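Please keep the sequence and the model in view while reading.

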Amino acid sequence: MSAISQRIEPRQQDIGFVVRRLLPVRGMRSVGPFVFLDHMGPAYFVAAGTAGDVRPHPHIGLATVTYLSQGAMMHRDSLGTVQRIEPGAINLMVAGRGIVHSERIPADIRAASVAVEGLQMWLALPQTLERCAPAFYHYPAAVLPQHDFERGSVQLLIGNAFGMVSPVKTFAPTLYAAWQLQGGGVLSLPKDVAERALYLIEGEVQVDGEVIRAGELVILSDSARELRASACVQGVIFGGAALDGPRYLDWNFVASDKALLAAARDDWQAGRFAMVPGESEFIPLPA
């Protein structure tokens, strides 16, 4: 049995700067609770102006997970949160019944011409929590467990795996880990995970002898056992328990009931969402 059940190539999307979108795609709407994956950058932004800034926009029914490998971003939301995110940290924003946020490039990152790169992911909330109160959590890199081993390392971002437990809040069984291997490095894959995927950020790696190249997202089969590298490589593995029913995506909204999506569109159009304090810009509802 093949260790890979599906291979997914990225699609380019422009969100103010170009990102590579991996999820969702036709035939693969979710992996565990994850319903969205963008690889941002690496991108450089001029010192003057607002290129790369994502203006205030709304979400419902999900939790955003932001993880950077380079640079920094400034998060602001309608709860009044102001949080800089830097490499290795996790920003977890719970939209629930509704939240608005912006993501901007800090002035010092622009001035120093530092590359910004990272992964933006969405977790679909369980149906019982879709309408929960919005919340925000930040976890610095120092509080996230990491295991260094011969010719490799793994940082556990969310869940319980590799003999470690992450402090990041979860809403259902969830796995998210960033890993690096040097030439000759081997990493055993977590087994007790219902759905698993691997995204390769850099390099080339073998999963049970099958080659994966940089930029590929692969859905792992139940038989997938280990990663082997012949040179330096890095990526993430993520997944978890299957969703408790279908999810529908409409713009920045996620819900198990399409009526909730329609209501969210109406609320944003009518200005009924609470806005980000101190910010007057916003992204209009697409046609």
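**Lead points**

Four strands, in the order β18-β23-β20-β21, make up an open sheet with antiparallel pairing. Strands here are DSSP runs of E with at least two residues, helices are runs of H or I with at least four, and both are numbered from the N terminus; two strands count as paired if DSSP finds at least two bridges between them. The model is predicted, so that local features need pLDDT of at least 70 and side-chain atom pairs count only at pLDDT 80 or more, while totals for chains, interfaces and linings use all residues. Residues are numbered from 1 along each chain as its sequence is written, and side-chain values use heavy atoms, with hydrogens and water left out.

- Strand β20 (residues 204-207) is joined to β21 by 4 bridges in the antiparallel sense, and R213 in β21 is the bridge partner of E204.
- The loop between β20 and β21 contains D208.
- D208 has a positive phi near 50° and is a residue other than glycine.
- With a relative accessible area of 35%, D208 is partly exposed; buried means under 20% relative accessible area, exposed over 50%, and partly exposed in between (1.4 Å probe, protein chains only).

**The seven-stranded sheet**

- Another open sheet consists of 7 strands in the order β1-β22-β19-β24-β17-β14-β13, with antiparallel pairing.
- At its edges stand β1 (4-8) and β13 (146-149), each of which pairs on one side only.
- Neighbouring strands of this sheet are turned by 20° against each other on average, direction ignored.
- Strand β19 (residues 195-202) and strand β22 (residues 217-220) run antiparallel and are joined by 4 bridges.
- Within this pair, L198 has V218 in β22 as its bridge partner.
- Strands of a sheet pair through backbone hydrogen bonds, either parallel or antiparallel.

**Nonpolar cores**

- The largest nonpolar core has 33 residues, and those with the most contacts inside it are L37, I90, Y176, L217 and F238.
- A nonpolar core is a set of buried Ala, Val, Leu, Ile, Met, Phe, Trp, Tyr and Cys residues joined through side-chain atoms within 4.5 Å.
- Leaving aside residues up to four places away in sequence, L217 touches Q6, R7, I8, L22, L23, L37, A197, L198, Y199 and F238, a contact being heavy atoms within 4.5 Å.

- Strand β2 (residues 11-14) pairs with β3 in the antiparallel sense over 4 bridges, and Q12 stands opposite R20 in β3.
- The hairpin of β2 and β3 has 3 residues between the strands, and G16 takes a positive phi near 110° in this hairpin.
- L23 and P24 are joined by a cis peptide bond with omega of about -5°; P24 is located in the loop between β3 (18-23) and β4 (34-43).
- A cis peptide bond also runs from G41 to P42, with omega near 5°, and P42 lies in strand β4.
- S113, a residue other than glycine, has a positive phi near 55°.
- S113 belongs to the loop between α1 (107-111) and β11 (116-124) and counts as partly exposed at 43% relative accessibility.

**The chain as a whole**

- The chain contains 2 helices and 26 strands.
- Its radius of gyration, taken over C-alpha atoms, is 19 Å; this agrees with the value near 19 Å that a compact globule of 287 residues would have, by the rule of 2.2 Å times the number of residues to the power 0.38.
- Along the principal axes, the C-alpha atoms fill a box of roughly 55 × 45 × 35 Å.
- Of the 287 residues, 53% count as buried.
- Among contacts between residues at least 6 apart in sequence, 69% join residues at least 24 apart.
- The accessible surface comes to about 12,500 Å², of which 50% belongs to carbon and sulfur atoms; accessible areas come from the Shrake-Rupley method with a 1.4 Å probe, and for residues only the protein chains shown count as cover.

Notes:
Axes are lines fitted to C-alpha atoms, for helices over the stretch in contact, and angles run from 0 to 180 degrees between N-to-C directions.
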